[in-house]
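Thank you all for making time this morning.

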Amino acid sequence: SASAVQSTVADANAPKVAHVAMKNMKFSPATIEIKKGDTVEWKNDDITPHTATGATFDSATIAPEASWRHTFTETGSVSYICTFHPDMKGAVIVK
């Protein structure tokens, strides 16, 4: 039916939550591609605190087993690091 098609289209365009794990001193996936308006959730699966810190966002400390979310409202590519472990690098590509 037409309403089912409209619902599917609306669902496809609805904001999504993309997940990034902090595990083994890495962001996984290191690079994630999302749509404008989508949210990224970082979950700390390590035994040490981490951050997700970029030019336009800063999670502050994310304790082990905790998570933090940020919604991206501008297109572009944003690189980020963990301020405690600068070798931990990631990027969010917003289309």
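Let me start with T53, which lies in strand 5, residues 53–54; strands here are DSSP runs of E of at least two residues, numbered from the N terminus. Before I go further, please keep in mind that this is a predicted model, in which local features need pLDDT of at least 70 and side-chain atom pairs count only at pLDDT 80 or more, while totals for chains, interfaces and linings use all residues. Residues are numbered from 1 along each chain as its sequence is written, and side-chain values use heavy atoms, with hydrogens and water left out.

Is T53 buried or exposed? It counts as buried, because its relative accessibility is 16%, and buried means under 20% relative accessible area, with exposed being over 50% and partly exposed in between, for a 1.4 Å probe and protein chains only. The side chain of T53 makes a polar contact of 3.0 Å with the side chain of D58; such a contact is a pair of N or O atoms within 3.5 Å, where, within protein, one must be able to donate a hydrogen and the other to accept it, and residues adjacent in sequence count only if both atoms are side-chain atoms. If we set aside neighbours within four places in sequence, T53 is in contact, meaning heavy atoms within 4.5 Å, with D58, S79, Y80, I81 and T83.

Now to the sheet, which is open and built from four strands in the order 2-1-4-6, with mixed pairing; two strands pair if DSSP finds at least two bridges between them. Strand 2 (26–28) and strand 6 (67–71) stand at the edges with a single partner strand each, so one side of each has no neighbour in the sheet.

Going through the pairs, strand 1 and strand 2 are antiparallel over three bridges, with K23 opposite K26. These two strands form a hairpin with two residues between them, and N24 in the turn has a positive phi of about 55 degrees. Strand 1 and strand 4 run parallel and are joined by six bridges, and here A21 stands opposite K43. On the other side of the pairing, K43 is opposite S67 in strand 6, where strand 4 (residues 39–44) and strand 6 pair in the antiparallel sense over five bridges.

What about the aromatic residues? The whole structure holds eight aromatic pairs, that is, rings of Phe, Tyr and Trp (its six-membered ring) with centres within 6.5 Å, counted as stacked when the planes are under 30 degrees apart, edge-to-face when over 60, and tilted for the rest. One of them joins F57 and F72 edge-to-face, at 5.4 Å centre to centre and 80 degrees between the planes. F57 sits in the loop between strand 5 and strand 6, and F72 in the loop between strand 6 and strand 7, 15 residues apart. Both are buried, F57 at 5% relative accessibility and F72 at 4%. Ring pairs also link F27, W42, F57, W68, F72 and Y80 into a cluster.

Finally, I34 touches A18, V40, F72, V92, I93, V94 and K95, leaving out residues up to four places away in sequence. I am happy to take questions.
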